[in-house]
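Reader: I'm new to this one. Could you walk me through it, one feature at a time?

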Amino acid sequence: MQQKLNEIRESVRARLEKAVESSHIEEIRVNVLGRKGELTQLLKGMGKLSAEERPVIGQMSNQLRAEIEGWLDQKTRELQDKEKAARLAKETLDISIPGKEMQQGNQHPLTATMEHLVEIFVGMGFTVVDGPEIEDDHHNFELLNVPKGHPARDAQDTFYFNDNLLLRTQTSAVQSRVMLSQKPPIRIISPGRVYRADEVDATHSPVFSQCEGLVIDKGITMADLKGILDQFAREMYGEGIKTRFRPSFFPFTEPSAEVDVTCAACHGEGCRICKGTGWIEILGAGMVNPNVLSMCGIDPNEYTGLAFGIGLERVTDLKFNVPDMRLLFENDLRFLMQFGKGRI
Ligand code: PHE
């Protein structure tokens, strides 16, 4: 029996030596000291011992139990400390490693210009309205005094879904929608995308943006048109900027004008961007043609109106000194990142 006790002591020692996880210790405790454990089983045989042997072996086994329990506890602590140290080492946050830089985006120059422009007109009392980019022939052409076969259609060829549905060629299509649904006084702007079957070059793109303006009331004159557009140019480009109205033709306005502003790149001296003229055309405008008013249910004897359509890419190029319109669509970060945060 003594021999057996020694064997158990040795085997526990050997197993403890090999144990590398605190859970192994628990296994050993159950295997040796548990109800069906080696030592417990051995002690159950005590009854067979002689009266002299019994107390001796009893004492020895109690000692061994205490001894084993001590080892188990110590080893458990050791392993738990080691495990904790390993876990801490793994979870350590090395705050000396530089973080990954988050690139901050900024507003696209076209969006910045659009927002600036909207702000300017809202400041003058205009309301912003939206119109569909997929338009019908009626609103995009007919109601704007451009019947089928009118030569003005040639300059605005577009993408057709069928004989009637098309991608709008001008935000002027919103004019007719507003006049048909609202009663004067009307004072709206409508910024948005327009489409034309144009080849891409430095100043053309099949997709571009405009902002339509429409004012209808009693006694609206060309002086109002000039005043509004002068104010717009000053707020967009600064005080030194002048506008120039050149007579032009649009079927839906009479009289019509194309409006230039002083070239911001050379301040009117003449440069490559303004092709030496000192002026850059940014919009078309005019007094709403009485035919258009009548077709849209507004009495031209009572009301007059003004309208303008601003080319947003032109305004942007001029504002930020962008030499080629394509840069606005190519989404090259080297170009876009030059515009800093928000509006410059
Ligand atoms: N719609 C015209 C164009 O796209 C511009 C314009 C708008 C002219 C409003 C006069 C009045 O060319």
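**Reading the model**

Author: The C-alpha centres of domain 1 and domain 2 lie 92 Å apart. The domain bounds come from an automatic or database domain assignment, and here they are 2-91 for domain 1 and 109-336 for domain 2. This is a predicted model, where local features need pLDDT of at least 70 and side-chain atom pairs count only at pLDDT 80 or more, while totals for chains, interfaces and linings use all residues. Residues are numbered from 1 along each chain as its sequence is written, and side-chain values use heavy atoms, with hydrogens and water left out.

Reader: Okay, the ligand next. How many residues surround the ligand, and which are the closest?

Author: A residue is near a molecule if one of its heavy atoms lies within 4 Å of it. Here 15 residues surround the ligand, the closest being Gln170, Ser172, Arg196, Gln210 and Glu212.

Reader: Which element gives the most to the shell around the ligand?

Author: Helices (H or I, at least four residues) and strands (E, at least two) are DSSP runs, numbered from the N terminus. β9 gives the most, with 3 residues.

Reader: And what about polar side-chain atoms of Gln170 and the ligand?

Author: A polar contact is a pair of N or O atoms within 3.5 Å. In this model, a polar side-chain atom of Gln170 is 2.8 Å from a nitrogen atom of the ligand. Ser172 also places a polar side-chain atom 2.8 Å from a ligand nitrogen atom. For Gln210, an N or O atom in the side chain is 2.8 Å from an oxygen atom of the ligand.

Reader: Where is Pro255 found?

Author: Pro255 is in strand β7 (residues 253-262). A cis peptide bond joins Glu254 and Pro255, with omega about 0°.

Reader: What is phi of His267, positive or negative?

Author: Phi of His267 is near 55°, a positive value in a residue other than glycine. You'll find His267 in the loop between β7 and β8.

Terms used:
A polar contact is a pair of N or O atoms within 3.5 Å; within protein, one must be able to donate a hydrogen and the other to accept it, and residues adjacent in sequence count only if both atoms are side-chain atoms.
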